[in-house]
Amino acid sequence: MSNNILIAIAWPYANAEIHVGNITGSHLPGDIVARYHRLKGDRVLMVSGTDSHGTPVTIRADAEGRPVEEVYQRFHNQFIELFKKAGISYDLFTTTHTTNHFKVAQSMFLALNKNGYLYTESRPQWYSPSAKRFLPDRYVEGTCYICGYEDARSDQCDRCGNVLEPEKLLNPRSKVDGSTPELRETKHFFLDLSKLEPVVAEFLRQRQHYWRETVVGQSLGQIESEGLRPRPITRDLDWGIPVPVEGWEGKCLYVWFENVIGYLSAAIEWAQITGNPEAWRDWWTDLSAKAFYFIGKDNIFFHAAWWPAQLKGVGKEFIEIFTGGEGTLLNLPYDVPANQFMNLEGQKISGSRNWAVWGLDFLSRYDPDALRYYLTINMPELRDSDWDWDEFIAHNNNELVATWGNLVNRALPFAYKHWDGCVPDPGELRPIDKEIIATVERGFQTVGEHLEAVRLRAALVETLRLASECNKYQDKTSPWFEIKTDKSAAAKTIYTALRVIDSLKVLFAPFIPFSSELLHAYLGYKQPLFGEQYIDPQLDKLGAHNTLRYRTPKPGGSWEPSNLQPSQRLEQPAPLFKKLEPLLAEEERRRLEKLE
Ligand SMILES: [Zn+2]
């Protein structure tokens with residue numbers, strides 16, 4: 001049975017490059033799960049985009065003295081280049097700065113207003129007398145009133161991780177000119193989350209049995225201790241989505257409110273681009289569809305509590321307002337498998353201190369599968385993990401090269417050389433051959449179950465274990481000796497080895513798709529396992545923007561054991577992975593210090 005699977009991945013802010021912690025936090029796990037479901041034959045829609053609005057972007061543009069459109073586009077295009085190189089196979093990676101997203105977000109706002117979940121209120125906000133303007137959250141820094149950290153942003157503290165109420169900040173200072181701001185009254189729309197608290201709590205309780213405890217426990221705990229309190233959804237800023245109400249010119253929808261709506265608007269944009277404008281409903285209103293949200297731990301409450309509240313609050317009215325037709329409810333998240341953080345050499349990754357391994361820079365020196373492998377085996381699924389250069393090299397050399405690569409490298413060139421570039425005919429297989437084939441075939445069940453439940457480390461560890469079993473099989477049977485005395489025995493071994501390699505290629509494919517695709521071609525298959533990623537520019541009234549898209553192959557690979565046929569023609573093989581010099585770790589650490 002084919003299922004509709006929505007893979008929704010956190011939207012990166014257009015004010016900083018993407019580092020390995022971001023990749024392992026959300027983009028890579030989402031991609032692995034997407035690729036697995038595509039192989040299974042499910043209908044996958046994987047979306048995200050650049051979060052182009054909000055103060056992080058305007059602050060960056062101010063600091064550079066460049067137009068904000070130019071700054072957001074520069075980061076947006078870098079994200080696209082990185083995801084293409086790293087194989088993060090978005091069906092659509094777009095931006096929040098599109099006419100479509102504006103319309104979707106404004107319709108959500110109007111639906112919430114219609115359903116009685118919005119109200120307006122004047123609140124004190126930091127105002128800069130010197131700049132004659134209000135200063136939204138990140139324009140103000142000061143001392144955290146919870147933990148005493150002196151460089152807290154007014155909306156969130158980077159040390160204790162708490163979301164802050166900006167007007168409570170101690171010793172405030174303006175990021176624009178360092179002056180001391182004062183509190184002045186300004187009017188805003190608020191989302192009355194307290195009215196939605198019972199449905200959100202119930203939504204979370206229903207998912208308690210299968211969500212990560214780190215996600216559901218934290219969210220329910222926060223609701224039980226503090227409740228869901230109203231939050232402002234507009235702010236005094238001119239870069240963003242205008243509030244769709246007369247008399248509110250000069251104010252915008254708050255990014256926390258509109259960027260999550262991107263999951264929905266990106267699906268709608270994808271449907272429009274592909275010429276089936278209603279197709280997004282298969283993932284958003286079909287009740288059997290499953291929506292997975294891949295995010296880092298700093299975003300848990302946004303996705304596990306506030307976003308479900310928004311979706312519940314708009315009811316059927318969003319579709320009525322957006323389409324002018326009959327309304328339907330929108331699907332809530334099926335799972336929010338949030339990851340913890342990855343540190344770097346024992347310290348917290350910090351973009352501003354340059355203590356980071358940047359994705360594009362890394363890929364200028366190393367292969368994407370080496371990155372994907374290490375970031376999966378070391379993924380911070382339940383607790384923080386650490387990027388360690390020695391470990392990166394050790395995992396690459398001991399596992400990718402010495403276990404999986406070695407298995408392939410011993411069998412494939414040997415078959416190519418001794419059987420005229422074809423898969424040998426084994427005749428009747430021996431018990432030892434049948435046993436290893438059955439062992440690997442069971443992996444489609446065990447690895448598949450881990451992937452369904454988003455236990456990606458466990459899935460990869462199990463796949464690697466199966467590759468080790470196959471190495472033991474090759475050691476035991478030793479076809480390089482068999483061939484000297486009994487070529488038909490060697491044919492059985494090499495056929496069996498190629499067949500388990502053909503299966504393992506599929507099991508490894510969601511994690512390390514580039515090498516699986518190469519191997520797939522070496523094994524003589526003409527149709528690729530996966531589709532292609534490509535850049536697709538879109539015109540828009542708000543300005544042209546690039547998108548990253550994915551072309552689904554037909555028929556493509558499938559999540560099934562190998563049915564390799566004797567005499568299939570092989571391609572001339574080459575090693576799949578590169579061994580790395582251990583001394584590189586020192587070099588990379590020096591590079592970090594230099595940057596710092
Ligand atoms: Zn704090």
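Predicted model: local features only at pLDDT ≥ 70, side-chain atom pairs only at ≥ 80, totals over all residues.
**Figure 1. Four cysteines around a zinc ion.** Look for the SG atoms of Cys144, Cys147, Cys157 and Cys160, which coordinate the zinc ion at 2.3 Å. Donors here are N, O and S atoms within 2.8 Å of the metal (3.2 Å for Na, K and Ca), and sites may look incomplete because water is not among the atoms. For reference, the ideal angle for four tetrahedral donors is 109.5 degrees. Along the sequence, the donor residues follow the spacing C-x2-C-x9-C-x2-C. Cysteine 144 sits in the loop between strand S6 (140–143) and strand S7 (152–153), and cysteine 157 in the loop between S7 and strand S8 (170–174), so this pair ties together parts that are 13 residues apart in sequence. Helices (H or I, at least four residues) and strands (E, at least two) are DSSP runs, numbered from the N terminus. Both cysteine 144 and cysteine 157 are buried. Buried means under 20% relative accessible area, exposed means over 50%, and partly exposed is in between (1.4 Å probe, protein chains only).

**Figure 2. Two cavities inside the model.** A search of the whole structure finds two cavities of 30 Å³ or more. On a 1 Å grid over the protein atoms alone, a cavity is a set of points where a 1.4 Å probe fits but cannot get out, and lining residues have an atom within 4 Å of a point. Grid points are joined across faces, edges and corners, and a volume is the space filled by probe spheres set on the points. The largest cavity has a volume of about 60 Å³. Ten residues line the largest cavity, and Ala356, Asp361, Glu588, Arg591 and Leu592 lie nearest its centre. Helix H20 (residues 584–595) gives the most to this lining, with four residues. The second largest cavity is lined by Glu17, Ile18, Gln78, Phe79, Leu82, Gly359 and Leu360. Helix H3 (68–86) and helix H12 (359–363) are the elements that give two or more residues to that lining, and H3 gives the most, with three.

**Figure 3. The second largest pocket.** A pocket, unlike a cavity, is an open set of points with protein on both sides within 12 Å along at least five of seven lines. About 480 Å³ of space lies in this one. It has 24 lining residues, and the closest to its centre are Arg38, Asp42, Val44, Tyr550 and Thr552. Helix H1 (20–40), strand S2 (43–50) and strand S17 (545–551) each supply at least two residues of the lining.

Figure 4. Threonine 98 lies in the loop between strand S3 (92–95) and helix H4 (99–114). Its relative accessibility is 1%, so threonine 98 counts as buried. The side chain of threonine 98 reaches the backbone nitrogen of histidine 101 at 2.9 Å.

**Figure 5. Backbone features to look for.** Most residues other than glycine have a negative phi, and most peptide bonds are trans. Lysine 132 is not a glycine, yet has a positive phi of about 55 degrees. Find lysine 132 in the loop between strand S4 (118–128) and strand S5 (133–134), where it is exposed, with a relative accessible area of 66%. Glutamate 345 is not a glycine either, and has a positive phi of about 50 degrees. Glutamate 345 is in the loop between strand S14 (342–344) and H12 and is partly exposed, with a relative accessible area of 22%. The peptide bond from lysine 554 to proline 555 is cis, with omega near 0 degrees. Proline 555 lies in the loop between S17 and H20.

Notes
Residues numbered from 1 in each chain as written. Heavy atoms only, no water. Polar contact = N/O pair within 3.5 Å; in protein donor to acceptor, adjacent residues only side chain to side chain.
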